[in-house]
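Welcome! Here are some exercises for exploring a structure, each with a worked solution. Take a look first, then try each task before reading on.

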Amino acid sequence: MDIEQRGFPPNNADERTTLLAFLDWHRNTFRIKIAGLDARQLDTPHPPSDMTLGGMAKHLAYVENWWVRRIMGGHDDEPWASVDWEADADWDWHSAVHDTPAQLRDLFDAEVDKADAVIASIASLDTESKHTSGRTGGHFNLRWVLVHLVEEYARHNGHADLIRESIDGAVGH
């Protein structure tokens, strides 16, 4: 995917359309950041951080699954369900080194597709989540989850810009 194919969110749309357009824009921005990179490049950190683009791809796949499939939809999917998160709370980041670039991209795309199916099945932004917050005990609504996903991608796309530039000089838009 190149920058031209990414599209741009509409200037004047309803709330749901705007949120989903910005989420897709950020997802596609991330796809651009990891496009064409091999296994070594996907596992290259930008010191002093140990964050890698491969780890980020797996983490964002997990984020899609956690917030949409698990929290909103009540699903408990693999490979996430059987991970010993207590042994390694950052398993998604650390285990990516064992995946091929194609596996990481496929996992990311599959989790986005599954999340999109759940989102499409929810009629209202006010629909409450199946699971509650571990912090507050209250339910999330779909609006909150979508805004959080946009925020998560925006933050990590900034990281991805720096990591990608350090790998091959490519700068993002």
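**Exercise 1. Is glutamate 152 buried or exposed, and what does this residue touch?**

Step 1: Glutamate 152 has 8% relative accessibility, so this residue counts as buried. Buried means under 20% relative accessible area, exposed means over 50%, and partly exposed is in between, with a 1.4 Å probe and protein chains only.

Step 2: Glutamate 152 lies in helix α7. Helices (H or I, at least four residues) and strands (E, at least two) are DSSP runs, numbered from the N terminus.

Step 3: Not counting residues up to four places away in sequence, glutamate 152 touches His59, Leu60 and Val63. Contact means heavy atoms within 4.5 Å.

Before you go on, a word on the model. It is predicted: local features need pLDDT of at least 70, side-chain atom pairs count only at pLDDT 80 or more, and totals for chains, interfaces and linings use all residues. Residues are numbered from 1 along each chain as its sequence is written, and side-chain values use heavy atoms, with hydrogens and water left out.

**Exercise 2. Which residues touch the most other members of the largest nonpolar core?**

Step 1: A nonpolar core is a set of buried Ala, Val, Leu, Ile, Met, Phe, Trp, Tyr and Cys residues joined through side-chain atoms within 4.5 Å.

Step 2: The largest such core has 36 residues, and Phe30, Leu53 and Met56 touch the most other members.

Step 3: Two or more residues of this core come from each of α2 (15-34), α4 (53-72), α6 (101-121) and α7 (142-168).

Step 4: Look around methionine 56. Leaving aside neighbours within four places in sequence, methionine 56 is in contact with Phe30, Met51, Trp93, His156, His159, Ala160 and Ile163.

**Exercise 3. At what angles do α2 and α4, α4 and α6, and α2 and α7 pack or cross?**

Step 1: Two packed helices are described by the angle between their axes and the distance between the axes. Here axes are lines fitted to C-alpha atoms, for helices over the stretch in contact, and angles run from 0 to 180 degrees between N-to-C directions.

Step 2: Take α4 and α6, which pack at about 20 degrees with axes 9 Å apart. That angle makes α4 roughly parallel to α6. Angles under 35 degrees count as roughly parallel, over 145 as roughly antiparallel, 65 to 115 as roughly perpendicular and the rest as oblique. Residues making this contact include Ala57, Leu60 and Ala61 of α4, and Leu104, Leu107 and Phe108 of α6.

Step 3: The axes of α2 and α4 cross at roughly 155 degrees and come within 10 Å, which makes α2 roughly antiparallel to α4. Here Arg27, Phe30, Lys33 and Ile34 in α2 meet Leu53, Met56, Ala57, Leu60 and Glu64 in α4.

Step 4: For α2 and α7, the angle is about 25 degrees and the axes are 9 Å apart. These two helices are therefore roughly parallel to each other.
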